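Hello,

Here is the structure you asked to look through. My notes on it follow below.

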Amino acid sequence: MTVVSNTGPIISLSWIDRLDLLGALYGEVVVPLAVERELLPAGQSFLGTSAIEDAFRRRWLRAATVRNHLNVSALNARVDLGEAEAIALAVELRAEVLLVDDADARAEAKSWSIRVLGTIGVLRQARDEGHIDAARPLLLQMQRLGLWIGADLLARIRAEER
């Protein structure tokens, strides 16, 4: 399975020390170079950086160059550069899934017939496949660290996990 990711899901999962779920679920996750630069800004460190560096070292997270710069330019008019490159790379690699949280980027990817999954979808999949017992405690942990998660969505997850 070919999976491409934008920055958001990787950072969110690294914040709660569960970046390993991406490797467990997908084997390998590919990011475009713009996303790699966002994940590992030169000379900077943030919460989760060591987990991200480790994933690149272990090679289940890897960077790839986008070849179609016209697609990137067209997409970059509507979404940021990392998202534009992630969508363009997903098209080039014929990815089965694009991991992205941003609503505009998700809509744009869907218009290109790309299946999208966000951080919450990854946690649901991890739960459903037995990698974690429940998604809600991890979502609450992300929320405490500053990730916005709507109350209605948390209520739905809670109902699923009763």
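R94 sits in the loop that runs between helix 6 (81-93) and strand 4 (97-99). Please keep in mind that this is a predicted model. The phi of R94 is positive, about 50 degrees, although R94 is not a glycine. Most residues other than glycine have a negative phi. Is R94 buried or exposed? R94 counts as exposed, because its relative accessibility is 72% and the cut-off for exposed is over 50%.

R59 is another residue with a positive phi that is not a glycine; the value for R59 is about 70 degrees. Its place is the loop between helix 4 (49-57) and strand 3 (61-64). R59 is exposed too, with a relative accessible area of 67%.

Next, the helix pair. Helix 8 (residues 119-128) and helix 9 (residues 136-144) have axes that come within 10 Å and cross at roughly 150 degrees. Helix 8 is therefore roughly antiparallel to helix 9, since angles over 145 degrees count as roughly antiparallel. The crossing of helix 8 past helix 9 is right-handed. Which residues make the contact? On helix 8 they are T119, I120 and L123, and on helix 9 they are L138, L139 and M142. Sorted by class, the contact of helix 8 with helix 9 has five nonpolar residues, one polar residue and no charged ones.

L123 also belongs to the largest nonpolar core, which has 35 residues. L22, Y26, L61 and L123 are the residues with the most contacts inside that core. What does L123 touch, leaving aside its neighbours within four places in sequence? The residues in contact with L123 are L13, L21, I132, A135, L138, L139 and M142. Another core, of 20 residues, lies apart from the largest one, and V30, L75, I87 and L89 are among its residues.

S12 is buried, because its relative accessible area is 4% and buried means under 20%. Not counting residues up to four places away in sequence, S12 touches D101, T119, M142 and L147.

Regards

Terms used. Residues are numbered from 1 along each chain as its sequence is written. This is a predicted model: local features need pLDDT of at least 70, side-chain atom pairs count only at pLDDT 80 or more; totals for chains, interfaces and linings use all residues. Side-chain values use heavy atoms; hydrogens and water are left out. A nonpolar core is a set of buried Ala, Val, Leu, Ile, Met, Phe, Trp, Tyr and Cys residues joined through side-chain atoms within 4.5 Å. Buried means under 20% relative accessible area, exposed over 50%, partly exposed in between (1.4 Å probe, protein chains only). Contact means heavy atoms within 4.5 Å. Axes are lines fitted to C-alpha atoms, for helices over the stretch in contact, and angles run from 0 to 180 degrees between N-to-C directions. Helices (H or I, at least four residues) and strands (E, at least two) are DSSP runs, numbered from the N terminus. Angles under 35 degrees count as roughly parallel, over 145 as roughly antiparallel, 65 to 115 as roughly perpendicular and the rest as oblique. A crossing is left-handed if the near helix is turned anticlockwise from the far one by less than a right angle, and right-handed if clockwise. Ala, Val, Leu, Ile, Met, Phe, Trp, Tyr, Cys and Pro count as nonpolar, Asp, Glu, Lys and Arg as charged, and the others, Gly among them, as polar.
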